[in-house]
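Hi,

Here is the structure I said I'd pass on. Have a look at it first, then read my notes below.

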Amino acid sequence: MLIKEIMATGTERPMVNEDDCLRDVLDEMNRKGLGAVCVMCGEFLAGLVTDGDIRRLILSTQKPLPHLFMTPAREVGSKAPKKIRPEATLQEGLAMFEKYQCWVLPVIDGSNRLLGLVHLHRLLKALIPST
Amino acid sequence: MVSLVKDITIGGGDVAKVTIGEHQPLTLIGGPCAIESEEHALFIAKELKAVTESLGVQFIYKSCYDKDCRSSSTSFHGLGVEEGLQVLQRVREVHGVPVNCDVSNVEWMEATAKVVDFIQIPAYLCRQTHLLKAAGKTGRAIHIKKGQFMSPWNMRNSAQKVASTGNQNILLTDRGTFFGYNMLVSDMRCLQIMKETGYPVCYDATHSIQMPSALGTMSGGQREFIPALVRAAMAAGANALFMEIHDEPDRALSDPATQIHLRYVKEILRQAKMVYDLVREVPLMEIENYSAR
């Protein structure tokens, strides 16, 4: 089985525009429930914000919350997240999750267009159907 | 974090082109609060043009045809759109300087944009989406005053409303923040925080010392604080200075308590420029905050 068969696609994908503010990022995170949001520049992936990024951001700032909420998405999280290709196998995906100790991987094509997002839970469920 | 601030341009063509930015010369946006007459406008513009030229300061003439936020409905509001714009056009023709005028009503926007180089959104209206978008669509440079009730970080929303029209020629100005009733305070952090938007910032020295509606049917003000606040704002990184200036402020038809006398402008500007230029020679330090480990 391939990554493209299990990845979250279409409106399942958590996405914000890079100009959107952190408050929008958090709302999108809550709506999609994958613990991460793809930061987009048009149809291209510009970054990734995860729960861990938010935790580290809160611990590293002294800004009042309303100020923090106004931070543009492009300034939050990773600008060069680990990514995976849609043709990768589930085993290759699992190896990446293990190697990079992450929970989510954006799925992109050769031009950095976002195709989907794969979460470790969904990958494990596909690998071990009884779970 | 030290923010990257873009340059914006005002005027050009028939009038002088003014560029405001981090590494541009200081700009004065100045003039009487309200347009009182053509003769008066031409006189003040002539005086301010001479003063700014002598100091190497860029100049945008400021005055308004309808002060819609006066404390009382019976206060002088101005000459009105048609007559006011004729006066501003004369200032442009005679002195060759760009002009700034606040616009409180979407219906006035089209006519204003035919004359005015720099469209100002009044502080009390800085959240009004229709007004901001109408201003942005004119293609003119837009000057947004930070509401006295607004946090500096929320000015990103106001700027984005203008920018959503494709117009990114935006200046953000601090004019003081409400400190209880009838009183304003200048939080110099506003300037650095508003720069996080990427747009240049300005300090309004005369409205910042205003005591809103403190005289009942009109606003008061403590002009004695203007010189110190101007120096502080320049040190804090303002890219431009806004002041309402009158040759007889006590007799001005609008905001008499806050406008500064013409005779003080040269020395205030001279000092402002000294601090402004010094700040540009010495990069702002970046210091890390406390961070939980």
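**What I found**

A:Ala88 sits in the loop between helix H4 (65–69) and helix H5 (90–100) of chain A (helices are DSSP runs of H or I, at least four residues, and strands are runs of E, at least two, both numbered from the N terminus). This is a predicted model, so local features need pLDDT of at least 70 and side-chain atom pairs count only at pLDDT 80 or more, while totals for chains, interfaces and linings use all residues. Residues are numbered from 1 along each chain as its sequence is written, chains are lettered from A and ligands numbered from 1 in the order in which they are written, and side-chain values use heavy atoms, without hydrogens and water.

Back to A:Ala88: its relative accessible area is 11%, so it is buried (under 20%; over 50% is exposed and in between is partly exposed, with a 1.4 Å probe and protein chains only).

Now the rings. Over all chains there are two aromatic pairs (Phe, Tyr or Trp rings, taking the six-membered ring of Trp, with centres within 6.5 Å; planes under 30 degrees apart are stacked, over 60 edge-to-face, the rest tilted). B:Phe59 and B:Tyr61 pair edge-to-face, 6.5 Å centre to centre with 85 degrees between the planes. B:Tyr65 and B:Trp108 are also edge-to-face, at 5.8 Å and 75 degrees. B:Tyr65 is in the loop between strand S4 (58–62) and helix H2 (81–95), and B:Trp108 in the loop between strand S5 (99–102) and helix H3 (109–113), so this pair ties together parts of chain B that are 43 residues apart in sequence. B:Tyr65 is buried at 0% relative accessibility, and B:Trp108 is buried at 15%.

Cheers
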